[in-house]
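Please consult the sequence and the model while reading.

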Amino acid sequence: NDIAVIRYPENSILDAIPSTQVSKVPNQVILTEQATAEGAVAVVAEGGTKPLTSDTFVRSITTRTKYAGRIEWTEEFEMDNELLFDAIIDLFENKVNRAHRDGIIAKMITNATAYTTSVFNNTFVKPDNGLAVIAGQSVIEGMYFTPNLVVMNPSDIFAAMFTQDVNGNPQMKPYIVNNNGVYSINGMRVISSYVIAQGTALVGDSSVYREWHSSYIFRVGTYGDQFITNEKTAIGEVFSLLRIANVNKPAWMVINLAAVKTSLTKI
């Protein structure tokens, strides 16, 4: 009566960025965002000419995404394997929701900018993954954002957490904190995800994103000659819209950990 299933990693990205379940996800969201700011306010003497200031604005459009799939079965299978059929329905829902969460991280990676250089170049004798992430944090803060979230492959998290010195003694790192399995690097929450490739980290300010999604939608019907062959089809889908303004995209950075550690190494 027990059913063993394939294990998949958890993905808590929707708990880390502003996310809301709504009854209807809009087809698109139009953002009006500032493009340029020209001129500056200055101290003006009596009778002096006031400096001209101006701003330009542009519109950006974000469209929603649908994550969906289908399953098919016979009425005989449903009647003869009730417990297995119920488990398959649950698995199908999990697949759709997992695709939704994984898709959010994939879009965040696509939107992010690439790391180039930081104030920590040629600074550390033996930089680790944590220091590479902090280097990205310093660049983002230099653009007036507040990075508070890191997404890393689990193998890279463990590689940053557990290191030894030349004598084999465990190294204590004040910038990495493990609070009962909840990790943080220099105050930034760390999320473990296999969606992001090993050797890569995603660092950024979670407040610049906003995500709307529908509840899980499940419908059963027939198509073609399924009615006369005692077959059924179910569809499962989730609508999602992940919004970020173009001017806020520099708030997120993709880091090649090996390359950044090389640039940080003191020669």
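**Cores, aromatic pairs and a histidine**

The largest nonpolar core of this predicted model has 45 residues, and those with the most contacts inside it are Ile-13, Met-108, Val-133, Met-152, Trp-252 and Ile-255.

Q: Which helix gives the most residues to this core?
A: Nonpolar side chains in soluble globular proteins tend to be buried together. In this core of 45 residues, the element that gives the most, with 6 residues, is helix H4 (residues 129-141).

Q: Which residues does a second, separate core include?
A: Apart from the core of 45 residues, there is a separate one of 9 residues. Among its members are Val-96, Tyr-216, Ala-234 and Val-238.

Q: Where do the buried residues of helix H5 lie around its axis?
A: Helix H5 (residues 154-161) has Pro-154, Asp-156, Ile-157, Ala-160 and Met-161 buried. Because these residues cover an arc of only 160 degrees around the axis, they lie on the same side of H5.

Q: What is the centre-to-centre distance of the aromatic pair formed by Trp-73 and Phe-85?
A: The count of aromatic pairs comes to 5. One of them joins Trp-73 and Phe-85, whose planes stand 55 degrees apart; the pair is tilted, and its centres are separated by 5.1 Å.

Q: How many residues apart are Trp-73 and Phe-85?
A: Both Trp-73 and Phe-85 are buried. Trp-73 belongs to strand S4 (residues 65-74) and Phe-85 to helix H3 (residues 82-111), so that their pair links distant parts of the chain under the element assignment used. Their separation is 12 residues.

Q: Are Phe-120 and Phe-124 buried or partly exposed?
A: Phe-120 and Phe-124 form a tilted pair, with 5.5 Å between the centres and 35 degrees between the planes. Buried requires under 20% relative accessible area. Because Phe-120 has 23% and Phe-124 has 22%, each counts as partly exposed.

Q: Is His-213 buried or exposed?
A: His-213 lies in strand S11 (residues 210-213). Its relative accessibility is 12%, and therefore His-213 counts as buried.

Q: Which side chain makes a polar contact with the side chain of His-213?
A: Leaving out residues up to four places away in sequence, His-213 touches several residues, including Leu-14, Ser-19, His-100 and Phe-239. The polar contact of its side chain, at 2.8 Å, is with the side chain of Glu-211.

Note on methods
Residues numbered from 1 in each chain as written. Predicted model: local features only at pLDDT ≥ 70, side-chain atom pairs only at ≥ 80, totals over all residues. Heavy atoms only, no water. Phe/Tyr/Trp six-rings, centres within 6.5 Å; stacked < 30°, edge-to-face > 60°. Helix = DSSP H or I, 4+ residues; strand = E, 2+ residues; numbered from the N terminus. Buried < 20%, exposed > 50% of the residue type's maximum accessible area, 1.4 Å probe, protein only. Polar contact = N/O pair within 3.5 Å; in protein donor to acceptor, adjacent residues only side chain to side chain. Contact = heavy atoms within 4.5 Å. Core = buried A, V, L, I, M, F, W, Y, C linked by side-chain atoms within 4.5 Å. Arc of directions from axis to C-beta.
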